[in-house]
Amino acid sequence: MVSKRKFKIISIITSLFVISTLISLKSLNANANIVNSKPNFTITNLNASPNPAKVGEDILVSGKIVPGNFETSAQQKEIILVLDTSGSMRDEIKNTCTNDRLRYCTRHDSSDPNHHKFILSHIWVDDYCLEHETNGKHNTTRINELKKAAKSFIEKMKDVPNLKIGIVEYASNATKVSDLKNANDISLIESINGLRANGGTNIREGLRKGTYLLSRENNNANKTIVLMTDGNPTYYSKYDQLDDTDPTPYGTGNSTTSDTMTYTKNLAKDQIGARKYNAYSIGYGLDSNGTKYLKQIHTSMKNLPDDTDIKEKDGFFSKSDGSITEIFNQIAENIKNSYELKDVSLDINLNQSFALNLGGNEVKVGNIVYNKISENKSTGKIIYHADPINFSFIVKGSQVGQSQSILDNIDIKFLFENENLTVESKADVKVDIVSNELPNISAKLVSENIQEIKKDDEITIKYEINPEDFVYNNSSNKGEKDVVFLIDISKNKKDNGEYLNMIDTHVTDSIFNNTINNSDLIKTNTKYSIITFNSDAKRLFDFNYLPDKDTGSYENSINEKYIKKIDESGDKRDIGKALALVNETFNSARANTTKSIVIISNKDVNYTSNDYKNIINKGYRIITLSFNNEEKKSNLYNLHKALGGSDEDIIYAKNDFNNIRNSNFKTITEKLMSSVKYVSYEFKPVINLNLGSNFEPVAGIVRSTESGKQNIGIVEIPTIVYNLTQNNNYHAEGKAIEIKLKAKNLKPGTYNFGTTSDNKMIYKSIINNTVSTNIETPIITVKEEVKNLIHGLYNGVIDKEVGIQENDNKAFEIAQDSTVTFGAQFTLSGNNVDFNLNIDNKFKTVSTNDIKIYKVLKDSSGNSILTEITNGNRAIESQGDNNFKISINNIKESNQTSESDILVIYQARVKDELSMSQSLTNEIKFSNLSKSVNIITPQASDKSPSLPDLF
């Protein structure tokens, strides 16, 4: 039994345990509900492709940024409603008007029953719609639906803290209806009620003034433009400044021209897209063309590629008729419930053997939009959530190895509530890097692999060079550019005689913003030089310019140090000295770049033909911007054509700086970009052949001049050019190579080109490594130049001629123990010959002294004279068993061109121990020619030999 005391202690302990557990669980639950007060991120789903990858090949690293939920106050926001109040907004729509009705005096425009009490002639109308100025049941209008939608939009924003709304209406021009105000400011509703429909459609002016209102307020606020239109743009302005000015409207008023769209899209991109403002567009009752135009304008505001198929997710809405209140309400919900994080980027910390393809370590992500998931009414704090964002970047590996870590970590950087923050993420992905010896180029021997020649014949060797196709991912393989700007800084005399400064901020800003700082040109690693001219010329910098640490990127440094400081001076425009500087400048350009000259000047530019003679026919692209109207007889036009420029590449600014800013320099950039293409890969293989001292180059090959390598013959193969076909596949055409050599008076025999390792094809690979592959070489056989061979019994010189009796298909009969003298005669074309003399071993052993070799000459009477060839010019070597190897060398006299007759005389004694009749055969043998002599011996013959000993 448990005592009461013990039970009490156990109860206390149990209670304490339960309390402790409850406190712990409460603490855990509290921790589980903790939400960060600032954005936080993790990196997931990292992948690298291809894997394995070759050294130097593009590796696409992809992954997801997973934003964590965070809690904060509502974001400061500013919204401008840019509303169409053109005449077409008066059009009726199918919806029945539901406005409030009243009893109304149409004569005195009053609903006051006591107005004008002394006048009895009132015209009272019951059930009157004040907005549409009619009574009874009637349809509503687009302007009425717009008012209801805009008021509903404002109503939804009334309780949103830190939010302001402004209103701009536009028709043929644009008007600020209301400055930015809190949504509960009654004047916003009053401004909307006062909207009236009349005039054309000048979307550009609406956007310009809307941007102006946003640009002059809180720089830390998240800014949004909501554009609404019911028609095609029919007017535009050329005025670029952000202010409240009412510029002259251009356009037809009833149709959309190319200039209307160009000016409107340029402003949308340069002012709204460049500032990264949020943008929504609402098309109301548009036809197909109107929808197309509005999509183009919206694409420019969002700074998206021109071919983007924009949808509601991109902020584009369309309604054919009826109410548009639901669209405005949807946009209102999107805006008020969102929190946009600006300028998110990844700071990639790569391992040592990897590098980002475009240089640096930063990958821009852009803006991340969070949506509200809950709100604490008591604290005013809101919890925001964002979906994961995909990202990717390209790296290249430089070292061979398995399972290499690409990353150390990734830092996510962003701007939050005017504070630059960084979130570190320990992220990594591994990849195998394999060697890269691309391309595979082989040399196949297509001529005979065994060639038989004479001692000093010409040899032809043919190879087929076969480049294999290869797949290689290299997104940075775009052609680099070198561009020279020739800028006229003189004063420009207009057609009416007035002077206009050639250079102002429109021009200098456009050179930088629209061309030099163009992201596509930056990706092609374009380099610049700027030359200014008036009565003289000055080169501001050349292609070798490098920015210092204080001036930022190459492009920004050029702008800050040079372009911004260009100013006009003088009224002479002599371009001659500037043209001379162009030639000098391009001498410092890179070898394989596309080279362009951009001339900015007036039609009256001065020059002579001598000024440009050194830069014509060089393949430079000539782009000219003329400040005047088109004139094909002007000096500037003639210079443009003389330099090789086409009519399509001369642009006329028409003395309109807005045109320069909004379209001309963008056209220049497009022309510079039009020649950008993937660069061909070029390889220059050489074949090395070991010629030794046996062969001499004739054609297609030269001996190396490198010390110690004079035996090597070098064959230059025509450049192998690989062009991109499709799917990163590169293809090159093969080449046929023919080499001619001459044998250097070789002795008969077999010759080759050294060892296998001596003969190779060598080239630099795609990553500039040396690739060396062995190639097959032919075997060369030198024929012995022997003819007229006879072999038999030697009879001496008879009737002026050497007498040798041949078998004539019948063996000579010789008695045993008889000594026989044999002779062999042949004609030798060359100076040397090797041959074998094989004497039957049934003869007694023959010594080398028993063999004599003579050169047969003729005296003036035609008699044969035998002149022995002595040891200095012949060698007789015994091989055993009466077999001999004989060499004859250098037997011709220095001035001898004729063939030589050679006589070989040898003596052999038949063995006397032969027990029966025997057959004996002697043979003289050259590499391709032989002759035998046969004798027989009678058994134990007492007869004398059939032939006497003559030797």
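At 62% relative accessibility, D881 counts as exposed, where exposed means over 50% relative accessible area, buried under 20% and partly exposed in between, with a 1.4 Å probe and protein chains only. D881 sits in the loop between β56 (874-880) and β57 (883-888). Helices (H or I, at least four residues) and strands (E, at least two) are DSSP runs, numbered from the N terminus. Phi of D881 is near 55°, a positive value in a residue other than glycine.

Before going on, please note that this is a predicted model, in which local features need pLDDT of at least 70 and side-chain atom pairs count only at pLDDT 80 or more, while totals for chains, interfaces and linings use all residues. Residues are numbered from 1 along each chain as its sequence is written, and side-chain values use heavy atoms, with hydrogens and water left out.

N809 also has a positive phi, of about 65°, although it is not a glycine. You can find N809 in the loop between β50 and β51 (812-813). With a relative accessible area of 86%, N809 is exposed.

How many bridges join β49 to β50? Strand β49 (residues 786-798) and strand β50 (residues 801-805) run antiparallel and are joined by five bridges. Two strands are said to pair if DSSP finds at least two bridges between them. Y794 stands opposite I804 in β50.

Now let us look at the sheets. Strand β46 (residues 760-764) pairs with β47 in the antiparallel sense over five bridges, and N774 in β47 is the bridge partner of K760.

Another open sheet has three strands, ordered β7-β8-β9, again with antiparallel pairing. Here β7 (101-105) and β9 (134-135) are the edge strands, each pairing on one side only. Four bridges link β7 with strand β8 (residues 124-129) in the antiparallel sense, and L102 stands opposite Y128 in β8.

Next come the helices. Two packed helices are described by the angle between their axes and the distance between the axes. Axes are lines fitted to C-alpha atoms, for helices over the stretch in contact, and angles run from 0 to 180 degrees between N-to-C directions. Here are two pairs:

| Helix pair | Angle | Axis distance |
|---|---|---|
| α4 (residues 203-215) and α5 (residues 258-273) | about 15° | 9 Å |
| α2 and α7 (residues 325-336) | about 25° | 8 Å |

Angles under 35 degrees count as roughly parallel, over 145 as roughly antiparallel, 65 to 115 as roughly perpendicular and the rest as oblique. α4 and α5 are therefore roughly parallel to each other. α4 passes α5 in a left-handed crossing, meaning that the near helix is turned anticlockwise from the far one by less than a right angle, whereas clockwise would be right-handed. The crossing of α2 and α7 is right-handed.

Which residues of α2 meet α7? They are E145, L146, K148, A149, S152, F153 and K156, and they face T325, F328, N329, I331, A332, E333, I335 and K336 in α7; contact means heavy atoms within 4.5 Å.

I154 also has its place in helix α2 (residues 142-156). Is I154 buried or exposed? At 0% relative accessibility, I154 counts as buried. Leaving aside neighbours within four places in sequence, I154 is in contact with I165, I167, A183, L188, I189 and I192.

Helix α11 (residues 576-586) is mostly covered, with eight of its 11 residues buried. Among them are A578, L579, L581 and F586. The buried residues of α11 pack against several elements, including β29 (481-488), β33 (537-541) and α13 (635-642). L540 lies in strand β33 and, apart from neighbours within four places in sequence, is in contact with I530, T532, Y562 and I566.

Finally, look at two loops. A cis peptide bond joins N51 and P52, with omega about 10°, and P52 is in the loop between β1 (40-49) and β2 (53-54). The peptide bond from L438 to P439 is cis as well, with omega near -5°; P439 lies in the loop between β24 (430-434) and β25 (441-445).
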